[in-house]
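Please read the following note with the structure open beside you, and check each point against the model as you go.

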Amino acid sequence: NDLIVHYHVFLSGDVQGVGCRVQILEKSKELKALRGFVQNLEDGAVFVNVLGTKALVVKFIDHIRQNLLPPVQVKSFRMEEVRGKEELLEEFYIKK
């Protein structure tokens with residue numbers, strides 16, 4: 001499916017300082033053709049902003065939800081579709 005979708009994903013639990021952002025970045029590179037970023041938030045959560053074809057984004061989000069490796073422990077997962085504002089991002093990266 002070539003439809004471009006845009007999602008925000010919020011992860012909380014043991015997600016900062018344990019390699020979560022690096023794992024998410026590596027998965028984005030493996031799937032290719034994804035744009036966006038992953039970022040630590042001040043409240044201890046991790047934020048993922050992702051755009052891409054629906055099939056790739058679904059695969060990417062499923063991986064984030066179910067397959068991040070220890071010591072990452074996701075206790076809370078929330079996602080929301082972003083409509084009407086496609087951001088001009090060239091690649092997927094870790095945002096400081």
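1. A salt bridge is here a side-chain nitrogen of Lys or Arg within 4 Å of a carboxyl oxygen of Asp or Glu. With that definition in hand, we can look at glutamate 80 and arginine 78, whose side chains meet in a salt bridge at 2.9 Å, N to O. Glutamate 80 is partly exposed at a relative accessible area of 34%, and arginine 78 is likewise partly exposed, at 44%; in these terms buried means under 20% relative accessible area, exposed means over 50%, and partly exposed lies in between, with a 1.4 Å probe and protein chains only.

2. Before going further, please keep in mind that this is a predicted model, in which local features need pLDDT of at least 70 and side-chain atom pairs count only at pLDDT 80 or more, while totals for chains, interfaces and linings use all residues. Residues are numbered from 1 along each chain as its sequence is written, and side-chain values use heavy atoms, with hydrogens and water left out.

3. How many salt bridges does a search of the whole structure find? The search finds five, and one of them joins the side chains of lysine 27 and glutamate 30 at 2.8 Å, N to O. Is lysine 27 buried or exposed? Lysine 27 counts as buried, at 14% relative accessibility, whereas glutamate 30 counts as exposed, at 53%.

4. Another salt bridge is formed by the side chains of glutamate 81 and arginine 83, at 3.2 Å, N to O. Glutamate 81 counts as partly exposed with 35% relative accessibility, while arginine 83 is exposed, with a relative accessible area of 69%.

5. The strands make an open sheet of five, in the order β4-β1-β3-β2-β5 and with mixed pairing, where two strands pair if DSSP finds at least two bridges between them. The edge strands, each pairing on one side only, are β4 (73-81) and β5 (92-95). On average, neighbouring strands of this sheet are turned by 20 degrees against each other, direction ignored; axes are lines fitted to C-alpha atoms, for helices over the stretch in contact, and angles run from 0 to 180 degrees between N-to-C directions.

6. Strand β1 (residues 4-14) runs antiparallel to β4, and eight bridges join the two. Leucine 11 has phenylalanine 77 as its bridge partner in β4, and aspartate 14 stands opposite glutamine 73 in β4. Strand β1 also pairs with β3 in the antiparallel sense, over eight bridges, and here tyrosine 7 has valine 50 as its bridge partner in β3.

7. Helix α1 lies across β1, β2 (35-40), β3 (46-53) and β5, and runs at about 165 degrees to β5. Helix α2 (residues 54-66) lies across β1, β3, β4 and β5, running at about 155 degrees to β3.

8. A search of the whole structure finds four aromatic pairs; rings of Phe, Tyr and Trp (its six-membered ring) pair if their centres lie within 6.5 Å, and planes under 30 degrees apart count as stacked, over 60 as edge-to-face and the rest as tilted. The rings of phenylalanine 10 and phenylalanine 47 have centres 5.1 Å apart and planes at 35 degrees, so this pair is tilted. The pair links distant parts of the chain, since phenylalanine 10 is in strand β1 and phenylalanine 47 in strand β3, 37 residues apart. Phenylalanine 47 counts as buried, at 10% relative accessibility.

9. Phenylalanine 37 and tyrosine 93 also form a tilted pair, because their ring centres are 5.8 Å apart and their planes lie at 40 degrees. Phenylalanine 37 lies in strand β2 and tyrosine 93 in strand β5, so the pair ties together parts that are 56 residues apart in sequence. Phenylalanine 37 counts as buried at 6% relative accessibility, whereas tyrosine 93 counts as partly exposed at 31%.

10. Finally, Phe10, Phe37, Phe47 and Tyr93 form one aromatic cluster. The charged end of arginine 78 sits over the ring of phenylalanine 10, 4.2 Å from its centre, where a charge sits over a ring if NZ of Lys or CZ of Arg is within 6 Å of the ring centre and within 35 degrees of the ring normal. Lysine 95 lies over the face of phenylalanine 37, at 4.5 Å from the ring centre.

Methods:
Helices (H or I, at least four residues) and strands (E, at least two) are DSSP runs, numbered from the N terminus. Contact means heavy atoms within 4.5 Å.
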